[in-house]
Amino acid sequence: MSVITAWVKDIFIVILAITFLEILLPESSMAKYLKFIFSIIVLATILSPLASFLE
């Protein structure tokens with residue numbers, strides 16, 4: 001159960017940090033690329049426990 005709690009904390013912290021960064025970054029032509037990179041980071045955080053199951 002502690003693994004799930006740590007996983008949820010990690011997801012929460014990553015989403016909170018990325019949201020904070022999106023607020024700080026100005027709107028520019030790079031915004032859509034940054035949102036794409038941020039989405040990949042969130043996806044990697046969500047899927048990270050699967051890596052331990054596949055080993």
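Q: Quick one to start: does Leu47 count as buried, partly exposed or exposed, and at what relative accessibility?
A: Leu47 counts as partly exposed, because its relative accessibility is 41%. Keep in mind that this is a predicted model.

Q: Thanks! Where does Leu47 lie?
A: Leu47 lies in helix H2, which covers residues 31-54.

Q: And which residues form the nonpolar patch on the surface?
A: Leu47 is part of that patch, together with Leu43, Ile46, Leu50 and Phe53. Their accessible area together is about 500 Å².

Q: Let's switch to Thr45. Buried or exposed?
A: Thr45 is buried, since its relative accessible area is 14% and the cut-off for buried is under 20%. Thr45 also has its place in helix H2.

Q: What does the side chain of Thr45 reach?
A: The side chain of Thr45 reaches the backbone oxygen of Ile41, at 2.9 Å.

Q: Leaving aside neighbours within four places in sequence, which residues is Thr45 in contact with?
A: Those contacts are Trp7, Asp10, Ile11 and Val14.

Q: On to the record: which residues does the UniProt annotation "transmembrane region" cover?
A: According to the unreviewed UniProt entry, the annotation covers residues 6-24 and 36-54.

Q: How much helix and strand does the chain have over residues 6-24?
A: Over residues 6-24 the chain is 100% helix and 0% strand, with the end C-alpha atoms 27 Å apart. Residues 36-54 are likewise 100% helix and 0% strand, and there the end C-alpha atoms are 26 Å apart.

Q: Last topic, Ile37. What separation do the C-alpha atoms of Ile37 and Ile18 have?
A: They are separated by 10 Å, with the two residues 19 apart along the chain. Ile37 is in helix H2, and Ile37 is partly exposed, with a relative accessible area of 43%.

Note on methods:
Residues numbered from 1 in each chain as written. Predicted model: local features only at pLDDT ≥ 70, side-chain atom pairs only at ≥ 80, totals over all residues. Heavy atoms only, no water. Patch = residues over 30% accessible without salt bridge, like charges linked within 9 Å, V, L, I, M, F, W, Y side chains within 5 Å. Areas by Shrake-Rupley, 256 points an atom, 1.4 Å probe, with all protein chains shown as cover. Salt bridge = Lys/Arg side-chain N within 4 Å of Asp/Glu carboxyl O. Helix = DSSP H or I, 4+ residues; strand = E, 2+ residues; numbered from the N terminus. Buried < 20%, exposed > 50% of the residue type's maximum accessible area, 1.4 Å probe, protein only. UniProt positions renumbered as here; feature names shortened; annotations may be inferred. Polar contact = N/O pair within 3.5 Å; in protein donor to acceptor, adjacent residues only side chain to side chain. Contact = heavy atoms within 4.5 Å.
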